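Subject: Handing over a structure, with notes

Dear colleague,

Please find the structure below, followed by my notes on what was found in it.

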Amino acid sequence: MSNAANSGRALPRAGCALPRAPLPWALVTPALGWTLLFFVLPFLAMGLSSLTAHEGGGFTLANYSQFFTDPSYWRAMVNSLEVTAIVTVISVLLAYPFAWILAEQVPERWQRLALMLAVLPFWTSYVVRSYSWLLVLAQNGVINRALTSLGLVAEPLQLANTRFATVTGFVHFFVMLLTLTIFANLKQLSPSYRKAAADLGAGPVRTFLHVVLPLTLPGIMVGAFLTFVLCIGDYITPQILGGNNELLMPQLVMMQIGRRGDFPLASALSIILMAVVTVAYLACARWLKIERA
Amino acid sequence: MSSNLTSILKAHLRAATAAVALLLSSGAQAADLNALIWCDHADPALLQPFEEANGVKVNVKEFEGTGAGLAIVDQSQPGDWDVMVIDSIDIPRGVEKGLFEPLPEDKLPLADLFAQVKMDGSTVVDGKRYGITEKFGYNTIGYNKTKVDPADMQSMAALTGDKYKGKIAIYDYYLPVIGMAALAIGKKTAELTEADLPAIKAELLKMKANAKLVGEVTASQTALATGEVDILVGGGEWVTAGLAKENPALDFSIPKEGAVLWSQSLAMFKDSKNKDMALKFIQYIMSPEGQARLATSSCYWGMPANSKAALTDEQKKILRFDEQPSFLARAQSYPAPNADLDKKMQDVWTEMLQAQ
């Protein structure tokens, strides 16, 4: 018999009507209010704005049709998706071994220091970091000077103001973010899984491929999704490092606001961007589970 | 129904934004002067003498682009702002929205302004003056004279030829650079129409093919200063003068095709609660001392609109003050398209940016 039964307290049964407890609602109200005030209402305002004509007001779908009919507009979406995909893949490939070394190879007592060093780039301003990369990648920057002085290239390479520079700036940031999520995932993994695999005759590679990797997939997917969302909506990095040699969606959105103040078109482009993020979420939602078996 | 909901949402958002803006405005007080500005007005060397002389705190908020500035006003409560810095050509936009107060011409040094930069076509609406030009300059060719042949910089053909391919940056603002492209193909900036856009686009694409980057103010300035590029299309004294001490090799030319004249103005808000102080601020900025400080602001240099600005000989030399009459004679007005043409020009610019 259960303790509850022993104590004589009635246990709630499925289907029984319980008196409504105000406490859960009281606890969740601030979060709901916050979401309503700072997400739902602004989103509604943006949605309505996107259906309004810039000149003269009134309902219109022209802001959306501009995106789908003007090649230079949807090219911005293609550019954004390409850059985001490249950044996400490279960041995962770099972050996983880094996180694995931190979690598995670095002694426990040094892990905290190693983690702190790993997140050190977060301590500086995002803008300053981007401009620093610009100087590193510039024609007279560290990399080109090293390459030319070693005789590896005759002329400085064009590294700054390119997609390569944008990707580099992004990867520098997101590798750290992904390392943290994957590290947390690896640390939570019980050693029993690996011992069991070894008992059953699996070698290290097989254990990794069939046990560790599948079990850390949720951490990878959470980190990759965060990378995708933050990267596809970022304006600063491509603006500073990309040299405007191609436009990404956030740059296209900002362009509508600067001089002309075309908020309806900017809103429509933002909603299209949000729709793409939603599709990405739905595509990987099955792996974005918080609970652990 | 939908428009009602929009109005309600907008009203609430405005109120919330205004409340947040006030909270963030470092304790604005009733006696403060609240100014919507470009970065050159944020220089303490410019503001401090006015604040000390009048016992007032000038709260500034920087913005880039008229659209962004007008959006801030739209999201604020009437009376939140006292003065605004704005592109001279955009003053009619503010007047049309009922934002600005006519300025008393008899209390401003209009007679001392360079005649060509008064911009009465924009700053005077229906016979009333709503703005006064405070600073001007040229969107033209900025370059490093140790890296390029200055003689080549006397023609815009250098921007599309092979000689400087990969050594060029383009300033990322469509109106002045479209103006330059128009000049390059022999069009007058004041007479541009939609029919001119295909030829302008072709010229822009040729420039883009030669360019290493298309950058906003800081990026293009950095590229020229660090040697990443040797030429900046759309550059001028606003890029080279401020860097003259560190890099005296930077210079600008007014090519034979001409240059685009930019100018910024000061306007006073109709709903300002501090109009006397706002006028004093405008008078200070337009005074010889204020003009010298504004012209040499740490953010960017530019020619003072007041010909009596108290600049030192060295500052005048850097700004090429004595050459202004000839520069102004060859400069053409900033393109001032209507809303429809403006959108089409921006679309041409977008196509240029996306071109590979």
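Across the interface of chain B and chain A, the rule finds 21 residue pairs in polar contact, both residues being at pLDDT 80 or more; a polar contact is a pair of N or O atoms within 3.5 Å, where within protein one must be able to donate a hydrogen and the other to accept it, and where residues adjacent in sequence count only if both atoms are side-chain atoms. This is a predicted model, in which local features need pLDDT of at least 70 and side-chain atom pairs count only at pLDDT 80 or more, while totals for chains, interfaces and linings use all residues. Residues are numbered from 1 along each chain as its sequence is written, chains are lettered from A and ligands numbered from 1 in the order in which they are written, and side-chain values use heavy atoms, with hydrogens and water left out.

The elements of chain B that each supply at least two residues of the side touching chain A are α1 (2-24), α3 (66-74), α7 (174-184), β9 (211-215), α9 (217-225) and α15 (339-354), where helices (H or I, at least four residues) and strands (E, at least two) are DSSP runs numbered from the N terminus. The largest share of that side, 10 residues, comes from α15(B). By class, the side of chain B that touches chain A has 16 nonpolar, 12 polar and 13 charged residues, with Ala, Val, Leu, Ile, Met, Phe, Trp, Tyr, Cys and Pro counted as nonpolar, Asp, Glu, Lys and Arg as charged, and the others, Gly among them, as polar.

The contact between the chains takes 41 residues from chain B and 36 residues from chain A, contact meaning heavy atoms within 4.5 Å. About 3,100 Å² is buried between chain B and chain A, of which carbon and sulfur atoms give 50%; buried area is the accessible area (1.4 Å probe) that two parts lose on being put together, summed over both. In chain B, the residues that lose the most area to chain A are K212(B), Q346(B) and Q354(B), together 19% of what that side buries.

Side chains of opposite charge can pair when their charged atoms come close. The structure holds 27 salt bridges over all chains, a salt bridge being a side-chain nitrogen of Lys or Arg within 4 Å of a carboxyl oxygen of Asp or Glu, and the rule finds 2 salt bridges across the interface of chain B and chain A. One of them joins R259(A) to D342(B), with the closest N and O atoms 3.1 Å apart. This pair crosses between chains, from R259(A) in the loop between α12 (249-258) and α13 (263-284) of chain A to D342(B) in helix α15 of chain B.

Turning to the chains themselves, chain A has 13 helices and 0 strands. Its radius of gyration is 25 Å, whereas a compact globule of 293 residues would have one near 19 Å; the radius is taken over C-alpha atoms, and the globule rule is 2.2 Å times the number of residues to the power 0.38. Along its principal axes, the C-alpha trace of chain A spans about 80 × 65 × 30 Å.

Chain B, by contrast in its make-up, has 15 helices and 14 strands. The radius of gyration of chain B is 21 Å, close to the 21 Å that the globule rule gives for 356 residues, so chain B is as compact as a globular protein of that length. The C-alpha trace of chain B spans about 60 × 60 × 40 Å along its principal axes.

Chain B is also divided into domain 1 (2-136 + 262-322) and domain 2 (138-261 + 332-354), with bounds that come from an automatic or database domain assignment. The C-alpha centres of these two domains lie 27 Å apart, and 15 residues of domain 1 are in contact with 17 residues of domain 2. The area buried between the two domains of chain B is about 1,400 Å², of which carbon and sulfur atoms give 65%. I89(B), W262(B) and R320(B) supply 44% of the area that domain 1 buries against domain 2, more than any other three residues. Across this domain interface the rule finds 1 salt bridge.

Best wishes
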